[in-house]
Amino acid sequence: INHIVHNGGLYKRPFNEAFEETPMLVAVLTYVGYGVLTLFGYLRDFMRQWKIEKCQNATEREEQKDFVPLYQDFENFYNRNLYMRIRDSWNRPICSVPGAKVDMMERVSHDYNWTFTYTGRVIKDIINMGSYNYLGFAQKSGTCQEAAAKVLSQYGAGVCSTRQEMGNLDKHEELEKLVARFLGVESAMAYGMGFATNSMNIPALVGKGCLILSDELNHASLVLGARLSGATIRIFKHNNMQSLEKLLKDAIVHGQPRTRRPWKKILILVEGIYSMEGSIVRLPEVIALKKKYKSYLYLDEAHSIGALGPNGRGVVDYFGLNPEDVDVMMGTFTKSFGAAGGYIGGKKELIDYLRTYSHSAVYATSLSPPVVEQIITSMKCIMGEDGTTVGKARVQQLAENTRYFRRRLKEMGFIIYGNEDSPVVPLMLYMPAKIGAFGREMLKRNIGVVVVGFPATPIIESRARFCLSAAHTKEMLDTALKEINEVGDLLQLKYSRHRLVPLLDRPFDETTYEETED
Amino acid sequence: FQAPAYHLILEGILILWIIRLLFSKTYKLQERSDLTSKEKEELIEEWQPEPLVPSVPKEHPALNYNIVSGPPTHIITVNGKKCINFASFNFLGLLDNEKVKNAAQASLKKYGVGTCGPRGFYGTFDVHLELEERLAKFMRTEEAIIYSYGFATIASAIPAYSKRGDIVFVDEASCFAIQKGLQASRSNIKLFKHNDMADLERLLKEQETEDQKNPRKARVTRRFIVVEGLYMNTGDICPLPELIKLKYKYKVRIFLEESLSFGVLGEHGRGITEHFGINIDDIDLISANMENSLASIGGFCCGRSFIIDHQRLSGQGYCFSASLPPLLAAAAIEALNIMEDNPDIFQILRHKCERIHKALQGISGLKVVGESFSPTLHLQLEESSGSRENDVKLLKRVVDYCMNSGIALTQARYLDKEEKCLPAPSIRVVITVEQTEQELDKAASLLKEAAQSVLN
């Protein structure tokens, strides 16, 4: 399905999102592949049960053999028989800074991935297309690192107390003022973990008697936060505004399910960039709907803050909207700022309420000081307040890399999901065997990629996901593209039937964001 | 071949009836949605939601944080005043230890600050693997797993094993992180009175009789007991030997939360299992956070590989979250080194705890809650004024008096509406290895003075 939408002036520039349909033959072959694997799985389980094959799982203690089994056998069927075969594609240990090039520790397995041994050799200079390093702030030298080193020697690594007790350092106050300025909101609050920001603050905002409308493909932290809050959850189709509007209308007209009482409040949960699909939320339409139906919007900008928009201020900046229209702006510092933690920004009443009632402020340790300093320095760099144009250059470099990489992959004939401007590029693999093969072949050619399969994605839609970075130079991208082309031919991954005609390579300049035609 | 006339007429009527049914309007059984679209518009216009958040009064005690300028170490500058720190959980004084800072600096120069990815996607550093190995070796278990946030450790560990339909017996005074983990797991929660083994046994017996009614279900219902080594809310320890007996008698697994007792109890700081001399394999899962004794950030779980390995795919805080920044992991490794090299600090800490516990007895108006060797005590009002708000105000005045005279204290903070069993308001006193005997005595006498002037 191809959407190129101008939608009556809500969008100031074209919104190109594509999710090409799975070719029928490929879908059938994928199911056949999974069927064969399942059959073999049953066979191996049978052999293991009858001791024909050695069982290499860890097992329960002798003294506790008569306890109720901790895991159901079937729960782990997928784990034992499918995941274990390609387990070497994940949890790859690295031993250098996760920048554009990374060093990996080599590991081998002599028993088909049940155990790994480290050979001691280090594979150097692998092009890193898996780390969330959008603006290239994962560096081991430079202003950010020096500032963090100074704060580390002054403050130490830990904090040993919660925000409300004795853990509120002056650094935290400085950070929060800066974040509020960066986002263009009245006030902000920072937390120690991005996942926990969602799972601990959504329950503080909504409770029983409220309604949460959440996108189909929301992240696990949003789903957990919604569940813990006790509110009613309704799911709308991914990025589908008609589905959302229908749910909103029904909710207000019919009220709560059995008592028919009106809802106390309605909260819409969306993400800026969805990391598995590479799609960008249709924010202008969501805001229009939110205003029409008087609901509240919670925007999770984990991947989009710093990575989208001409000034790097995220998806609100990308669409040219007013940050005050979004009630709760949440994001993380892990991806574009090269640090750790999360934040929530919004009106002063909201942040005052969260400072008093957020679970994280009362029970969880605050951010570590060197991490705070890294965020402060990198944020000032992006805003241009450190006196250089490094930040702006990086934002532009990322946008250029994104456009170039996506266009070249589409020209080669791969199926690429998602929006043209999103730095998360999913390349469809579909078949289970290709998941492992793609990861291994790319590693042989010194390129590190991330492959994802079930259960993070639907069962036939396994994919390889590239995360572009401002630290990638054009040469690195060209090398990577050459290798991807080779592997694509080797594994027959070029499924696309809508080949793009290769365009002339145009240089990227400041006018690119003002153009409305490509 | 002629059919009889009545047959033809009957069939003709049937055909006409079918045609009528096909073309008539559908008959809805539900009465809903006879609303016209105009009425729907009106309803949408009329509906007024509550404000997103209620407004918080300016003087709310939890709104105005203490601002600490500079590092929260032994001498701490709170709101501009230099005080001796009796409020941060820096039990072993490792927060500003030079060796720890140097190790973190070296790691910063090698890896930068953030890891830019979860453990599964190029976020596993050799530092993480080393820390996991060291923790497993220190605690003498097979394997350990690291989380990047202390709160998320136990809150992700419990739902990984306990699902809907399973039964968890948990102590009333357990901390908030455990409560959130239990809520996320959707299991049946049975609370037993704090440290009351008779109450727990009663609940277990009740469960046993339930099981006999339905043995098929009982065979697949997992049971767990969740307890803390040293309770944060009451400062006392759980009776672990009795729990082990109950475990084998009723076939229940034990999850032990050792955030406060790791690095405090036991001859070498291995926690409550070393304190009681229990074989560590008898405990199914030990979870602790590294934010207290190890003065870093994050948490870990340790136990047998059979149990811990499961969390690598089903622990939500592990799979879906970025990994711990390497500099914090390096700081934790160095802190572990120091703990292993100086096993006498645990004795020194215990000595100081006992000293101040004795010194704080007999303050008029305040009672000490906590064991004598617990490094965190609570001072509660002997007689409550009747309303929690007033109690909190009184305690705040005591705390302010002490802060003005150079001892930094804090009240224990809770979320009043969310806690299952809300503890009484109290002042938290934390003892660290760095406090000298004079400072301990000064704190005790200052608290006596404050209690005298405020409460009498």
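Accessible areas come from the Shrake-Rupley method with a 1.4 Å probe. For chain A of this predicted model, the accessible surface comes to about 20200 Å². Carbon and sulfur atoms account for 55% of that surface. Of the 518 residues of chain A, 64% count as buried.

The overall dimensions of chain A were examined next. The C-alpha trace spans about 65 × 65 × 55 Å along its principal axes. The radius of gyration of chain A is 24 Å, which agrees with the value near 24 Å for a compact globule of 518 residues. Chain A contains 15 helices and 17 strands. Among its contacts between residues at least 6 apart in sequence, 71% join residues at least 24 apart.

Helix H7 of chain A covers residues 241-254. Its end C-alpha atoms lie 20 Å apart. This agrees with the 20 Å that 14 residues should span at 1.5 Å a residue. The buried residues of H7(A) include Met241(A), Ser243(A), Leu244(A), Leu247(A), Leu248(A) and Ala251(A). Residues three or four places apart point the same way, because an α-helix has 3.6 residues a turn. Ile252(A), Val253(A) and His254(A) are also among the buried residues of H7(A). Their cover within chain A includes strands E7 (211-215), E8 (232-236) and E9 (266-271), along with helix H8 (283-293). Chain B contributes helix H2 (37-46) to the cover of the buried residues of H7(A).

A parallel strand pair was examined in chain B. Strand E6 (residues 167-171) and strand E7 (residues 188-192) of chain B run parallel and are joined by 5 bridges. Phe169(B) has Lys190(B) as its bridge partner in E7(B). Between E6(B) and E7(B), the chain passes through helix H6 (residues 176-185) of chain B. This β-α-β crossover is right-handed.

Definitions and conventions: Residues are numbered from 1 along each chain as its sequence is written. Chains are lettered from A and ligands numbered from 1 in the order in which they are written. This is a predicted model: local features need pLDDT of at least 70, side-chain atom pairs count only at pLDDT 80 or more; totals for chains, interfaces and linings use all residues. Side-chain values use heavy atoms; hydrogens and water are left out. Two strands pair if DSSP finds at least two bridges between them. Helices (H or I, at least four residues) and strands (E, at least two) are DSSP runs, numbered from the N terminus. A crossover is right-handed if, with the strands pointing away from the viewer, the path from the first strand over the helix to the second runs clockwise. The radius of gyration is taken over C-alpha atoms; the globule rule is 2.2 Å times the number of residues to the power 0.38. Buried means under 20% relative accessible area, exposed over 50%, partly exposed in between (1.4 Å probe, protein chains only). Contact means heavy atoms within 4.5 Å. The expected span of a helix is 1.5 Å times one less than its number of residues.
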